[in-house]
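Please look at the sequence and the fold side by side before reading on. The paragraphs below move from a single residue to the sheet around it, and then to the aromatic side chains.

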Amino acid sequence: MTPDEHARRSVEMLLGILDLDSSDARTTEDIFTGVSHPMPTGRIYGGQVLGQSLIAAERTMPDGRVPHSMHGYFLRAGDASQGLTFAVDRIHDGRSFSTRRAQAYQNGVPIFSMIASFQDENPGIEHAAPMPDGIPDPEDLLPDEELSDGIHPLSKRMLTDRPVDMRHVEGPLFGAGAEKSAHQAVWMRMRAPFPDDPALHRAALAYLSDMSIQESILRAHGLSWNVPGLKVASLDHAMWWHRPGRVDDWLLYVQESPNARGGRGLATGRIYDRGGALVASVAQEITIRVPEA
C-alpha cells in the first residue's frame, strides 16, 4: 500500500466512525450506535468519543443551529473492540439556543458524558487573540513519525496509523525529556481530503482537540511519554467553536499549562487556521502520576 493509499484509508476509517447509525430503540432520548478505531492499547481514544457524541447531539438539531460549546467528562476507559451506544437528551430548545446532553455507553454503563450548547448564527461584536508570531510553516517541519525512531512499536504504530499529520514545532515528546517549558505549538491536518459537510469538520476538530494538549503539562516538568511508569488519563474536556475551519487544511494548535497540583494538570489550547483566524479554544484537565525518581 502506498503512503497516499494508507492516508486515504485512515481518513475513510475516521469518516466511517463518525457516521453513526440511528437506532430503532427509543426511550425518552434519541439513540445512536457507533464503532471504534482499532487501537494498539485496546483503549478508546478520547477524541473519538468527543467527535461521536457531538455528531449524535447535532443530529437532533434543526438546520442552521450549530454547536458553540461543549463540556464533557471521561468517566471510564472505553474498550475499542466493542461498539458504543449514544443517548441524547433534548434538554432545552429556545428561540436561538438549544442544549443537549449526550452520553456514550458500553456494557450498559456510561464511559463519557457531555453537555453541548447550540446557537443560530447571529451578528455581534467580534475580537480574537492573534496567532503567535515566529511559528515556522508546517512545510518546514518533519512529520512526527519521521522524528520518532527508536520508540516503542505500539507508539510508532499509533503515529503512523492515525489519520492526522502532526508536526510539533518543538519536536515530538518521545525519547529524551524536553526542555522545561509549559508551552508548545503543533501543526495538524487530516492526511486526505474531508467532505464539505461543516458538521463533519466540527466533529473532526473535536477529535483533533484531544491530541497532544496534555503535552504542555509534561513539558512544564521536562517529561516525555517514554518516562517509565508515567500514567496520564483525561478527566474532562471543554471546547468552544468560534469560526468555521477545515480539518484537511493546516491548523495550528497553540497550547499551554497554567497549573498542576494534587496529581492533576490543566492544559489550555487555541486552534488557528493557516490565515491566523481563531477557530476554537480548548481546555482539558488530566490526572498525572510520575514515578518517584
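Which residues does Gln-106 touch, not counting residues up to four places away in sequence? With contact taken as heavy atoms within 4.5 Å, Gln-106 touches Ile-44, Gly-78, Asp-79, Gln-82, Gly-83, Leu-84 and Ile-111. This is a predicted model, in which local features need pLDDT of at least 70 and side-chain atom pairs count only at pLDDT 80 or more, while totals for chains, interfaces and linings use all residues. Residues are numbered from 1 along each chain as its sequence is written, and side-chain values use heavy atoms, with hydrogens and water left out.

Gln-106 lies in strand β5, where strands (E, at least two residues) and helices (H or I, at least four) are DSSP runs numbered from the N terminus. Gln-106 has a relative accessibility of 5% and therefore counts as buried, the term standing for under 20% relative accessible area, as against exposed for over 50% and partly exposed in between, with a 1.4 Å probe and protein chains only. The side chain of Gln-106 reaches the backbone nitrogen of Asp-79 at 2.8 Å, and a polar atom of that side chain of Gln-106 lies 3.2 Å from the backbone oxygen of Gly-83.

The strand that holds Gln-106 belongs to an open sheet of 12 strands in the order β1-β2-β4-β5-β6-β3-β9-β12-β11-β10-β8-β7, with antiparallel pairing; two strands pair if DSSP finds at least two bridges between them. At the edges stand β1 (21–22) and β7 (164–168), each of which has a single partner strand, so one side of each is left without a neighbour in the sheet. Helix α4 (residues 198–209) packs on the sheet and touches β3 (65–74), β7, β8 (183–190), β9 (231–241), β10 (251–261), β11 (264–273) and β12 (278–289). The direction of α4 makes about 145° with that of β9, the axes being lines fitted to C-alpha atoms, for helices over the stretch in contact, and the angles running from 0 to 180 degrees between N-to-C directions.

Within the sheet, β1 and β2 pair in the antiparallel sense over 2 bridges, and Asp-21 has Thr-33 in β2 as its bridge partner. Strand β2 (residues 30–34) is mostly covered, with 4 of its 5 residues buried. β2 also pairs with β4, again in the antiparallel sense, over 5 bridges, and here Phe-32 stands opposite Phe-86 in β4. Strand β4 (residues 84–93) in turn pairs with strand β5 (residues 97–106) over 8 antiparallel bridges, with Thr-85 opposite Tyr-105 in β5.

Turning to the aromatic side chains, a search of the whole structure finds 2 aromatic pairs, where rings of Phe, Tyr and Trp (its six-membered ring) pair if their centres lie within 6.5 Å, and planes under 30 degrees apart count as stacked, over 60 as edge-to-face and the rest as tilted. The rings of Tyr-45 and Tyr-207 have centres 5.0 Å apart and planes at 80°, so this pair is edge-to-face. Tyr-45 in the loop between β2 and α2 (46–58) and Tyr-207 in helix α4 are 162 residues apart, and the pair thus links distant parts of the chain. Both tyrosines are buried, Tyr-45 at 13% relative accessibility and Tyr-207 at 2%. Phe-74 and Phe-112 form a tilted pair, 5.1 Å centre to centre with 45° between the planes. Phe-74 lies in strand β3 and Phe-112 in strand β6 (residues 109–120), so the pair ties together parts that are 38 residues apart in sequence; Phe-74 and Phe-112 are both buried.

Conventions: Polar contact = N/O pair within 3.5 Å; in protein donor to acceptor, adjacent residues only side chain to side chain.
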